[in-house]
Amino acid sequence: MSMKRFALLFTAILMIGPSLHAQETEGSEKSRPNIIYIMADELGYYELGCMGNTQIETPNIDRMAKEGILFTNARAGSSVCAPTRCCLMTGLHSGHTSVRSNGGGTPLRAEEETVASLLHDQGYATGGFGKWGCGGRGSTGVPEDHGFDIFLGYYDQVHAHSYYPPYIIKNSEEVLLENNHGLSEGETYSHYVIMEEGLDFLKKNKDRPFFGYFPITPPHGLFDIPDSDPAWQIYKDQDWPESAKRYAAMVTMVDRNVGEILDLLQELDLDEKTLVFFSGDNGGNDYFKSADHPRGFFGANVHPETGVEFRGTKGTLYEGGLRIPMIARWPGHIAPNRISDLRWYFPDLLPTACDVAGIAIPKDIDGISILPELLGKEQPQHEFLYWEIGNQTAVLWNDWKTFRARPEADWQLYNLKSDPSEESNIADKHPDVLKQMIAMAESAHTPVVEGTFFNRDLHEKDRRAKFGDNVPANFKSSSVKHDLDRRGLVDVKSMKVVRFSSQAEGNSKLAQHAIDGNPATHWHTEFQPARQEHPHELVIDLGKSRSLSGLRYLARQDEGWNGAVREFDLFVSNDPESFGRPVLTSSFEKKKNSQELKFPEAKGRYVLFRTKSAFNSGPWASVSEIGFLESN
């Protein structure tokens, strides 16, 4: 090796630092640091002792802050449960994620990488314990398909509202909880079972690197904690509302769980080998409001000493919906008793975990590694931070924050340094700043492409499990029971309908709905004022010439069957106006789930789908989704 190359290598080693066991021993599996991420569901920014709260006891979390670094300027990936978890897992902000709605079961796409999958591929044991929120059962988003060796808890967040459901989920299988009847009725407290499994995972994998993900449900959901729990004994006699006492006890129970994890690491001699994070999942709520406590009994978004408030709560993209408590501890690597005002958010976990593990950071993500900040070194900064949820959009750039409540609304602009409560909209005073930030928002957004369900029956069962045997009559299940299996199909973003025989414009059952990626919409042929007869045709542009070997079809997902296709022909061509003999003449079955039919490989840019009959013997055609399988 030349002296020049040696000098470059030596400089690189110095930049990485002596703290990373993985590099010190050339990637030795046993020496790679462990990573634990604990996330309390809906814990407010100011509800910990280390953040100034004097009502709720959190000695273990406070100790963790003293032994590590407390971040005062950290933010969640989104302001609600499922989208924020997707940002945490994928390293993407919510302008690029596949889970941007809070339905509970919206899935990751099959091909998406996560923190767990990247670490798992490098030999890490991976376990998740709590609430997943990135794909219900029967979908492309289940955790065991995204890098987790084991995940125990809730896949759907409606299911997670109850601590006494009849069962919880382990790798898509039901784990029965003895004598539980849903809601607040039962004998087996689910959180105890989940935490026990999580601690057992750490013990079993003490001799190999592990990633332990604890997105625990408390203190969210129904405010239930067993009367026998030691935490309840602390608050039961307080002159507070009953729900407030239960909530405080749940936070203190979470604190005890954090202590159990830290104590176990010390017992297993893993303290200096394990980086532990603790955070909330999104901004806090104004729980237990009253005239005396207009921002909630515990003031999740109110500074306990100064009274300065964060505007908004969970569900909004004001600071109250995004600010979270965040702590990191890693003895021997993170200097104790540090406070950092670094602006960082959930997309940064994935690159940080990769950096810690000594593996390549994916290039197509939005997060940046904060390992330098953890180690007290010079930290690169985000150009800007971005969020969207529903109709809301927000951008943080230096001290500037812009927010828009809905697409047709005016953009608001705040300076958080002088106005942390976002009270004074100064958009008119700084048009140049606002213009730049609007451009940032526009550059950050791409259309959402969600994962898919193969069968929604299990997911709907899990949602009903919240109630046990007493599902209320007004409980709304999704009308969509199935989705198209999109693995191996031409991407919906590449396709467009270029010709159709007819469409029902009067009730918006348009031809484009057959390829829009949304199983809740469908194409239906015209039935008034004129009734159109078979055959019915769709001509679809695949974006470029492709080799196809099959198609998949999904019937309309409502309760009806009108127009559900029976017999059909399929043609492939490079000319949208000229198709030869069909590559497939066949028929579908009368069922609601995804159907696949194969044909000999055919090449072309355009597909003609021609219906010849429907199951109801009527003249109509309807399609929820149709897709085309590319040859390998």
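Buried means under 20% relative accessible area, exposed means over 50%, and partly exposed is in between (1.4 Å probe, protein chains only). Keep that in mind as we look around this predicted model, where local features need pLDDT of at least 70, side-chain atom pairs count only at pLDDT 80 or more, and totals for chains, interfaces and linings use all residues. Residues are numbered from 1 along each chain as its sequence is written, and side-chain values use heavy atoms, with hydrogens and water left out.

**Aromatic rings**

- Phenylalanine 223 is buried, with a relative accessible area of 19%, and tyrosine 287 is buried too, at 17%.
- Rings of Phe, Tyr and Trp (its six-membered ring) pair if their centres lie within 6.5 Å; planes under 30 degrees apart count as stacked, over 60 as edge-to-face and the rest as tilted.
- That rule gives a count of 41 aromatic pairs.
- Take phenylalanine 223 and tyrosine 287: their ring centres are 5.2 Å apart and their planes are at 85 degrees, so this pair is edge-to-face.
- This pair links distant parts of the chain, 64 residues apart: phenylalanine 223 is in the loop between β8 (210-214) and α7 (230-235), and tyrosine 287 is in the loop between β9 and α9 (319-322).
- For those labels, helices (H or I, at least four residues) and strands (E, at least two) are DSSP runs, numbered from the N terminus.
- Tyrosine 553 and phenylalanine 588 make a stacked pair, with 4.0 Å centre to centre and 15 degrees between the planes.
- Tyrosine 553 lies in strand β19 (residues 536-554) and phenylalanine 588 in the loop between β21 (584-587) and β22 (595-611), so the pair ties together parts that are 35 residues apart in sequence.
- Both tyrosine 553 and phenylalanine 588 are buried.
- There is also an aromatic cluster, formed by Phe223, Tyr235, Trp240, Tyr247, Tyr287, Phe288, Phe297 and Phe298.

**The ten-stranded sheet**

- Two strands pair if DSSP finds at least two bridges between them.
- Here 10 strands form an open sheet with mixed pairing, in the order β7-β6-β5-β4-β8-β1-β9-β10-β2-β11.
- At the edges stand β7 (173-176) and β11 (338-340), each with a single partner strand, so one side of each has no neighbour in the sheet.
- On average, neighbouring strands of this sheet are turned by 15 degrees against each other, direction ignored; axes are lines fitted to C-alpha atoms, for helices over the stretch in contact, and angles run from 0 to 180 degrees between N-to-C directions.
- Strands β1 (residues 34-40) and β9 (residues 274-280) pair in the parallel sense over seven bridges, and alanine 40 stands opposite glycine 280 in β9.
- Strands β5 (residues 150-154) and β6 (residues 167-170) run antiparallel and are joined by two bridges, with glycine 153 opposite isoleucine 169 in β6.
- β6 also pairs with β7 in the antiparallel sense, over four bridges, and the partner of tyrosine 167 in β7 is leucine 176.
- β6 and β7 form a hairpin with two residues between them, and asparagine 171 in the turn has a positive phi of about 50 degrees.

- Four strands form an open antiparallel sheet in the order β13-β14-β15-β16.
- β13 and β16 are at the edges with a single partner strand each, so one side of each is left without a neighbour in the sheet.
- β15 and β16 run antiparallel and are joined by four bridges; one of the pairings puts threonine 402 with leucine 413 in β16.
- α12 packs on this sheet, touching β13, β14, β15 and β16 (contact means heavy atoms within 4.5 Å), and its direction makes about 120 degrees with that of β14.
- Which residues of α12 are buried? They are Val433, Leu434, Met437, Met440, Ala441 and Ala444.
- These residues cover an arc of only 115 degrees around the axis, which puts them on the same side of α12; the arc is that of the directions from the helix axis to the C-beta atoms.
- The face of α12 turned away from its buried side carries the exposed residues Asp432, Lys435, Glu442 and Ser443.

**Arginine 256**

- Arginine 256 is found in helix α8 (residues 242-267) and counts as partly exposed, at 26% relative accessibility.
- Leaving aside neighbours within four places in sequence, arginine 256 is in contact with Asn60, Tyr192, Asp229, Pro230 and Ala231.
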